[in-house]
Amino acid sequence: QLRAAPAAAPSLAAAEEASSDWSDEFVVAILGDLHLDPRKMEDYHVGREHIKSVLEEQKKDKVGAALVSLGDLGESKSVRPK
């Protein structure tokens, strides 16, 4: 039976050096249950660019950032009404 050798863990000094430029703050953008209407994609694009600019600004300031989506990503109404 063959087993891969465990990956070497970075030294504590290397990890501290890599993170020393970054703030210990962290920003999390939380999006709610997004019911996207494919007929109104302009709203999606405007919102996407807004969130991207906020997260990119954090990165410039060396602040950790993440995006979390809660709920499903279904549409709110049928685009093919009966």
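Biologist: Which residues lie nearest the centre of the largest pocket?

Modeller: Leu 31, Leu 34, Tyr 44, Gly 47 and Arg 48 do, out of 16 residues that line the largest pocket. A pocket here is an open set of points on a 1 Å grid over the protein atoms alone, with protein on both sides within 12 Å along at least five of seven lines, whereas a cavity is a set of points where a 1.4 Å probe fits but cannot get out. Lining residues have an atom within 4 Å of a point.

Biologist: Before we go on, what sort of model is this?

Modeller: This is a predicted model, where local features need pLDDT of at least 70, side-chain atom pairs count only at pLDDT 80 or more, and totals for chains, interfaces and linings use all residues. Residues are numbered from 1 along each chain as its sequence is written, and side-chain values use heavy atoms, with hydrogens and water left out.

Biologist: Back to the pocket. What is its volume?

Modeller: The largest pocket has a volume of about 330 Å³. That is the space filled by probe spheres set on the grid points, which are joined across faces, edges and corners.

Biologist: Which elements give two or more residues to its lining?

Modeller: Those are α2 and β2. Helix α2 gives the most, with eight residues.

Biologist: How do the lining residues divide by type?

Modeller: Nine are nonpolar, two polar and five charged. Ala, Val, Leu, Ile, Met, Phe, Trp, Tyr, Cys and Pro count as nonpolar; Asp, Glu, Lys and Arg count as charged; the others, Gly among them, count as polar.

Biologist: Zoom out. What order do the elements run in?

Modeller: From the N terminus they go α-β-α-β. The chain has two helices and two strands. These are DSSP runs numbered from the N terminus: H or I of at least four residues for helices, E of at least two for strands.

Biologist: How many of the residues count as buried?

Modeller: 7% of the 82 residues do. Buried means under 20% relative accessible area, exposed means over 50%, and partly exposed is in between, with a 1.4 Å probe and protein chains only.

Biologist: What span does α2 have?

Modeller: Helix α2 has 20 residues and reaches 29 Å from first C-alpha to last, close to the expected 28 Å. The expected span is 1.5 Å times one less than the number of residues.

Biologist: Is Leu 55 in that helix buried or exposed?

Modeller: Leu 55 lies in α2. It counts as buried because its relative accessible area is 19%. Leaving aside neighbours within four places in sequence, Leu 55 is in contact (heavy atoms within 4.5 Å) with Ala 29, Ala 65, Ala 66 and Leu 67. Leu 55 and Ala 65 are 10 residues apart in sequence, and their C-alphas are 6.1 Å apart.

Biologist: And what does Gln 58 contact?

Modeller: With neighbours within four places left aside, Gln 58 contacts Val 27, Val 63 and Ala 65. Gln 58 is in α2 (residues 41-60). It is buried, at 18% relative accessible area.

Biologist: What happens just after α2?

Modeller: Lys 62 takes a positive phi of about 60° there, although it is not a glycine. Most residues other than glycine have a negative phi. Lys 62 sits in the loop between α2 and β2 (64-69). At 34% relative accessibility, Lys 62 is partly exposed.

Biologist: Last one: where is Asp 33?

Modeller: Asp 33 is in the loop between β1 (26-31) and α2. With 43% relative accessibility, Asp 33 is partly exposed. Asp 33 and Ser 69 are 36 residues apart in sequence, with C-alphas 7.4 Å apart in space.
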